[in-house]
Amino acid sequence: MSLVHVIDVESGNLQSLTNAIEHLGFKVQLVKKADDFDIAKVSRLILPGVGNFGHFGDNLYIRGFEKPIRDYIASGKPIMGICVGLQTFFATSEESPKSSGLGLIPGKLRKFDEKTKPVPEIGWNSCMPSDQLFYGIDPYKRYYFVHSYAAILDQDLEREIREDGWKIAKAKYGDEEFIAAFFKDNVFATQFHPEKSSAAGLGIIRNFLNQEHPVTSHSEQDKLLMGNDYSNFGLTRRIVACLDVRANDQGDLVVTKGDQYDVREKDEGNDVRNLGKPVELAQRYYAQGADEITFLNITSFRDCPLKDTPMLEVLKRAARTIFVPLTVGGGIKDIVDADGTKVPALEVASLYFQSGADKVSIGTDAVFAAEKFYSLGGKGDGSSPIETISKAYGAQAVVISVDPKRTYVSSPSETHNKTFKTKFPNAKGQEWCWYQCTVKGGRECRDIGVWELTKACEALGAGEVLLNCIDKDGSNSGYDLELIEHVKNAVSIPVIASSGAGNPEHFEEAFKNTHADACLGAGMFHRGEYTVNDVKKHLLHRGLKVRMDSI
Ligand code: 1PR
């Protein structure tokens, strides 16, 4: 079995990358120390990176990897950079002005313009068609990007890069064009994560490992089916499948689903609803074309997460065969283990990342962190899980999961939380409302609104909002569109709408009438009423951009 060496400076996506390479039939050897890097024994090298340019780049220098990597490149053997690994081939980034990269390719990394679009860019984007593409990059496919900084191109920079002999694959986010991948001689790098880009991404890793540059030709029929008349290029709407997981009364870990968070059957037995096995369902949704899969451990508030090995096991098993981003939530907080040892949230999160998670989602503790943020006069003290995890793994790895309830008032003066005038007054004729945040899976209400909460969490370093709605959960009546716009007006990070999806039209309604970046479904998928693919086909036919690899 051929060996692939992967530089390990403890970046988040190593497990995912290892799973992808092994799935392709290669063996991975992690290189943790520069002393262990024997160039003569390496024939394929991958430099994966996640998070912050400075943190990653500095680590390469501090750990003594810079010279061996340069020597390896000079030897002419193939190297591939991924995400921040790609960025390291540039000299500098606005993100960390004092840090240096390898400076192999001209240009500088800049932040996307966040006035015109959510930053980070999170989701599936396409590379622009060109006759110069390499390693099988296919403009008809979508690849998974997650980044705030990029090699944003203007004509002069593009000319300079090309004159220097580089081939580039370009992508567009909003109106900004940036480098999605580049290639010259033995050096190849992607800004996207091929290990998280489903079959399309695995193909690129395979081509790199085999050193092949196949060109896929598409039939007219294919082009039609994929909706790629060039109007379906660019970032897609994401469809997320969510699995609420807990132990049932027999002690088996099951996927369940509630109505307004009540997951027990209404009949005599009052059992926890059992909708299937977590890994099997996740695999099913992956095959159906889910763009992301989220696992929520919904009884985490009473369990000790480190003892909760089944959830880690679920993640490990899922990550071996599912190559789209996986998020895990429930119990991401500082804990005291059974033997009295204090385990910081960062360590809990690290365990999940090492098991194959790409993002962690924080619910209860996000509310406590936001409350503290305001009590400190609008700043953090660096100690909250949002701050510690975001600093180590990057904002893109930290989702906050919000469980709000609509609360009516007669006038905005009745609450210090941000209100708006609703189109749906309550039975008492009250026209103003705010959304009260809850903790412990909706069991306890706090005096903080969703507007205040999401703003504080964004400032603390969260990269995305998973926006549930207790009133709508399990109702099959569609998303709470007013809530989605309320939160989109509060933050500039991406927002995943959740709770209430009952059919594909509900996804269309949310995407067309709000600025939701992604929509999540649970019950309608678990009950088999619709597949993820049904939703995507519907959206495609209604003119919305979606990833359709699995028609
Ligand atoms: O507080 O950090 O330990 O995290 C606990 C996590 O578990 C939170 O993300 C919280 O939302 C979740 N949770 C806790 N209790 C429940 C419950 O249902 N009893 N589930 C729960 C939340 C909401 C969505 C659901 C959508 C879509 N589930 O995930 O899947 O509402 O459903 P639908 O499409 O069928 O309407 P912490």
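Strands β10 and β11 form a hairpin in which 2 residues lie between the strands, and G174 in the turn has a positive phi of about 60°. Helices (H or I, at least four residues) and strands (E, at least two) are DSSP runs numbered from the N terminus. The model is a predicted one: local features need pLDDT of at least 70 and side-chain atom pairs count only at pLDDT 80 or more, whereas totals for chains, interfaces and linings use all residues. Residues are numbered from 1 along each chain as its sequence is written. A171 stands opposite F178 in β11.

The chain contains 17 helices and 27 strands. A compact globule of 551 residues would have a radius of gyration near 24 Å, and the 23 Å of the chain agrees with this. The radius of gyration is taken over C-alpha atoms, and the globule rule is 2.2 Å times the number of residues to the power 0.38. The C-alpha trace spans about 75 × 60 × 45 Å along its principal axes. Of the 551 residues, 52% count as buried. A residue is buried if 20 or more other C-beta atoms lie within 10 Å of its own, exposed if 12 or fewer, and partly exposed in between, with C-beta atoms placed from the backbone. Among contacts with a separation of 6 or more, 72% are between residues 24 or more positions apart; two residues are in contact if their C-beta atoms, placed from the backbone, lie within 7 Å.

An open sheet of 3 strands has the order β5-β6-β9, with mixed pairing. Its edge strands, β5 and β9, each pair on one side only. The pairing of β5 with β6 is parallel and covers 2 bridges, with T92 opposite K108 in β6. Helix α2 (residues 53-62) has F53, H55, F56, G57 and L60 buried. These buried residues pack against β3 (45-49), α3 (66-74), α4 (84-87), β5 (92-93), β6 (108-111) and β9 (149-150). After α2 comes G64, with a positive phi near 80°.

Strand β7 (residues 121-125) is largely enclosed by the rest of the structure, because 5 of its 5 residues are buried. It is joined by 5 bridges to strand β8 (residues 143-147), and the two run antiparallel. I122 stands opposite V146 in β8.

Most residues other than glycine have a negative phi, and most peptide bonds are trans. The peptide bond from V119 to P120 is cis, with omega near 10°, and P120 is located in the loop between β6 and β7. Y135, a residue other than glycine, has a positive phi near 50°. Y135 lies in the loop between β7 and β8 and counts as buried, with 23 C-beta neighbours inside 10 Å. S198 also is not a glycine and has a positive phi of about 55°. S198 belongs to helix α6 (residues 198-210) and is buried, with 23 C-beta neighbours inside 10 Å.

The shell around the ligand comprises 33 residues, of which G363, T364, S401, G441 and G523 come nearest. The elements that give two or more residues to this shell are β13 (238-247), β19 (359-362), α11 (364-375) and β27 (518-521). A residue is near a molecule if its C-beta atom, placed from the backbone, lies within 6 Å of it. The shell divides into 11 nonpolar, 17 polar and 5 charged residues. Here Ala, Val, Leu, Ile, Met, Phe, Trp, Tyr, Cys and Pro count as nonpolar, Asp, Glu, Lys and Arg as charged, and the others, Gly among them, as polar.

G331 is in the loop between β16 (326-329) and β17 (335-336) and is buried, with 27 C-beta neighbours inside 10 Å. N468 is in the loop between β25 (464-467) and α14 (481-490); it is buried, with 27 C-beta neighbours inside 10 Å. Apart from neighbours within four places in sequence, N468 is in contact with S401, V402, D403, D473, S498 and S499. C83 is in strand β4 (residues 79-83) and is buried, with 30 other C-beta atoms within 10 Å. With neighbours within four places in sequence again left aside, C83 is in contact with P48, G49, V50, H147, Q191 and H193.

Methods: Pairing = 2+ DSSP bridges.
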